[in-house]
Amino acid sequence: MNRENKDFKNNDDLVVGRNAVIELIKSGREIENILIAKGEREGSISKIIALAREKGIVIKNVDRKKLDFMCAGANHQGVIANVPAHEYSSVEDILEFAKEKGESPFIIICDEIEDSHNLGAIIRTAEACGAHGIIIPKRRNVGLNFIVAKTSCGALEYVKVARVSNINSTIDKLKKENIWVYAADMDGQPWSKTDFSGGVALVVGSEGKGVGEHIKANCDVTVSLPMRGKVNSLNASVAAGIIMYEVARQRLGL
């Protein structure tokens with residue numbers, strides 16, 4: 001078999017090469033997304049696109065140089081698939097976990113967190129605070145890649161992470177379970193004066209955009225962290241951590 005047709009896999013969260021990606025899709029294994037070099041549509045690339053769309057897998061068109069960098073010299077043939085470093089759970093799994101522990105659900109919802117280190121740090125803090133799970137969207141949010149797993153420092157083995165197609169629909173589902181949904185944003189009531197008793201779902205947005213307007217409008221309460229310095233925003237994982245510990249403090253009755 002020549003180099004052009006050889007299947008390559010250069011680390012645990014990347015599958016590189018056309019044949020390897022086709023077999024990966026057929027296997028039914030969870031796939032974060034498939035990256036295809038801009039302009040590539042010939043040969044088996046069209047088959048990969050068709051299979052991915054059939055399975056609802058996110059496809060991203062990227063510069064070929066990005067693929068070159070990611071696979072460290074392997075012949076990617078214009079396509080790379082990202083696979084999660086850990087298995088995903090479902091929202092139902094998270095709710096059932098809280099029920100088994102005899103606790104009101106405590107869930108973190110990430111809205112467009114695109115930095116792997118931030119998501120890993122959020123997962124690590126969530127585990128320390130006793131959260132039952134994390135919910136992330138399938139699109140415009142980093143998934144459970146190697147960096148997320150490494151940054152979580154092992155917490156990913158204990159925190160359930162669910163990936164959903166629509167955050168607003170998921171919020172509606174949580175509300176039906178008597179869970180109050182809190183958006184962490186600039187124009188809310190002070191975090192330290194907010195009642196977090198009962199079921200809690202905390203929505204955290206990215207540093208640049210914050211929580212999306214449609215999602216924030218669907219939340220029950222908006223909470224904020226007063227800012228006294230010249231910088232008008234906090235790192236997403238830092239802001240989330242402060243509020244998570246307040247939720248944990250109230251749940252422990254301290």
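Buried means under 20% relative accessible area and exposed over 50%, with partly exposed in between (1.4 Å probe, protein chains only). This is a predicted model, in which local features need pLDDT of at least 70 and side-chain atom pairs count only at pLDDT 80 or more, while totals for chains, interfaces and linings use all residues. Residues are numbered from 1 along each chain as its sequence is written, and side-chain values use heavy atoms, leaving out hydrogens and water.

**View A. The buried residues of helix α4 (residues 91–100).** Helices (H or I, at least four residues) and strands (E, at least two) are DSSP runs, numbered from the N terminus. Val91, Ile94, Leu95 and Ala98 of α4 are buried. Seen down the axis of α4, these buried residues fall within an arc of 95 degrees, so they line one face of the helix; the arc is that of the directions from the helix axis to the C-beta atoms. Lys99 and Glu100, on the other side of α4, are exposed.

**View B. Helices α5 (residues 116–128) and α9 (residues 236–252).** The two axes come within 9 Å and cross at roughly 10 degrees; axes are lines fitted to C-alpha atoms, for helices over the stretch in contact, and angles run from 0 to 180 degrees between N-to-C directions. That makes α5 roughly parallel to α9, a term for angles under 35 degrees.

**View C. Arginine 140 in the loop between β7 and α6 (146–151).** Phi of arginine 140 is near 55 degrees, a positive value in a residue other than glycine. Most residues other than glycine have a negative phi. At 52% relative accessibility, arginine 140 counts as exposed.

Technical notes: Angles under 35 degrees count as roughly parallel, over 145 as roughly antiparallel, 65 to 115 as roughly perpendicular and the rest as oblique.
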